[in-house]
Amino acid sequence: MQKEALKGLKVIGFVTAGAGPMLVKSLATQGATVILIESAKRHNVTRSGGPFKDNKPGLNRSFSFTFVNSDKYSMALDMTHPGAKDVIKRIVSWADVIADNWRTGVMESWGLSYEDAKAIKNDIIMIGMTHAGHTGPHSRAAGMGIMQSALSGLVTLTGWPDRPPDTTGGLGILPDFIAPRFGVTAILAALDYRRRTGQGQYIDLSEYETSLQFQLPAILDYTVNHRIQNRNGNKCPYAAPHGVYRCKGDDEWCAIAVFTDSEWEAFYRAIGNPVWAQDVKFKTFSGRKENEDELNEFIEQWTINFTPKEAMHLLQQAGVEAGDVRTIEDALEHCPQLKHRHYWWELDQAEMGRTIYQGSSYLLSKTPYQLHKPAPRFGEHTEYVCTKFLGLSDEQFTELFQQGVFE
């Protein structure tokens, strides 16, 4: 097997919650050596957030932490301890990339601004993932995923017209999954720039701005038509039918989307060319949109006779977009596509035992990835990192340990 694509890249993560760990996880999965810097005073918040193995809380028992932290080292370090200064210098000297997702001002308070780091290592690359970026009137505002979903307008569009905005179904943490993708791209661009010029640089990433990417249809609609889109349930301005339809069984559903007239013709032929489908009011897209509620009732009279998979296969064979609505158990245990691509991995962790991990959503043909290590226990690799990577002698490590630096 070829080496992973990022083998040899050295990354330090001053990261917490979801977005920061997912950013450096993408690098670790492709072979980078990633060290998480944690402290008993400020450990990753997901370590105490659950869900926990066997419902027993503990810093090393949270699936929220475990799921996104495979193939990383955990180093305990009290950044506020006076004795940490030499260790911080060694960290910067060792690293190629330093990532953080703390609020503006936190890294500076630790003596780790970009200028501080650059004075130690001139070609260092740093990325700061903050709520709204490091500049501007809101640069010092605190923000988690739900705030970014709200500010970007995602929450405005989620739910039903006669109900309040809805943040269920993971919408509150969606930005945590969006921002890391942009962060990885920016890091790779900075690495290429350094390869060509020998110079590092600072990456100022606004999670608020990355969240706006999922608003592009609404942004274009406002730009062209000065129309503000609002909550519309399962309906889509550009498709009819477009929704989730009840099928045979208890709480069984199939999602169906028809965008064009040719897709509509394929759809009504696939469901047996019923008489109602020939009604003139359903002949055109505008007619289907105008009579969408009635159309949905007719469609559900058909889907209710089939299981979700049966309806999905019948429609897909006709070229109509359809998918059975699955549970998490379906995705984890029963999806042949995910099994074929080895999307789920299982690794043994000391306290949690056999634990499931998420693989990569893309496969590189020349440099395939492999998950090697389970998520680390808090501070598990502190001595190893200090003596093997950072160059501290056993005596130096012991002295700093006794001073309480590694807490």
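Reader: What is the relative accessible area of Glu 294?

Author: The structure is a predicted model, in which local features need pLDDT of at least 70, side-chain atom pairs count only at pLDDT 80 or more, and totals for chains, interfaces and linings use all residues. Residues are numbered from 1 along each chain as its sequence is written, and side-chain values use heavy atoms, with hydrogens and water left out. A residue is called buried under 20% relative accessible area, exposed over 50% and partly exposed in between, with a 1.4 Å probe and protein chains only. Glu 294 falls in the partly exposed class, its relative accessible area being 30%.

Reader: Which residue forms a salt bridge with Glu 294?

Author: Side chains of opposite charge can pair when their charged atoms come close, and the term salt bridge is kept for a side-chain nitrogen of Lys or Arg within 4 Å of a carboxyl oxygen of Asp or Glu. For Glu 294 the closest N and O atoms are 2.9 Å apart, and the partner is Lys 281.

Reader: How many residues apart in the chain are Lys 235 and Asp 293?

Author: The side chains of Lys 235 and Asp 293 meet in a salt bridge, at 2.9 Å from N to O. This pair links distant parts of the chain, since Lys 235 is in the loop between helix H9 (216-225) and strand S7 (242-246), whereas Asp 293 is in helix H12 (residues 292-303), and the two are 58 residues apart.

Reader: How many salt bridges does the structure hold?

Author: Lys and Arg count as positive and Asp and Glu as negative, while His and the chain ends are not counted, and the place of a charge is taken as NZ of Lys, CZ of Arg, CG of Asp or CD of Glu. On that basis the chain has 42 positive and 48 negative side chains, with the centres of the two sets 5 Å apart. Asp 96, Asp 123 and Arg 194 are linked in a network of salt bridges, and the number of salt bridges in the structure is 20.

Reader: How many of the 11 residues of helix H1 are buried?

Author: Among the buried residues of H1 are Met 22, Leu 23 and Lys 25, and just after H1 comes Gly 31, with a positive phi of about 110°. Helix H1 (residues 19-29) is largely enclosed by the rest of the structure, because the number of its residues that are buried is 10.

Reader: Which helix is among the elements that cover the buried residues of H16?

Author: In helix H16 (residues 382-389) the buried residues are Thr 382, Val 385, Cys 386 and Thr 387. Their cover includes strand S2 (33-38), strand S3 (73-76) and helix H17 (394-403).

Reader: Is His 381 buried or exposed?

Author: His 381 lies in the loop between strand S11 (353-358) and H16. Contact means heavy atoms within 4.5 Å, and, leaving aside neighbours within four places in sequence, His 381 is in contact with Lys 72, Tyr 73, Ser 74 and Pro 376. At 15% relative accessibility, His 381 counts as buried.

Reader: How far apart in space are Ala 318 and Thr 185?

Author: Ala 318 is found in the loop between helix H13 (308-317) and strand S9 (321-324), and, not counting residues up to four places away in sequence, Ala 318 touches Ala 266 and Ala 270. Thr 185 is 133 residues from Ala 318 in sequence, and in space their C-alpha to C-alpha distance is 38 Å.

Reader: What is the relative accessibility of Met 144?

Author: Met 144 lies in the loop between strand S5 (125-130) and helix H6 (145-151). With Val 45, Ile 146 and Met 147, Met 144 forms a nonpolar patch on the surface, with about 350 Å² of accessible area together. Accessible areas come from the Shrake-Rupley method with a 1.4 Å probe, where for residues only the protein chains shown count as cover, and patches consist of residues with over 30% relative accessible area and no salt bridge, like charges being joined within 9 Å and nonpolar side chains (Val, Leu, Ile, Met, Phe, Trp, Tyr) within 5 Å. Met 144 counts as partly exposed, and its relative accessibility is 48%.

Methods. Helices (H or I, at least four residues) and strands (E, at least two) are DSSP runs, numbered from the N terminus.
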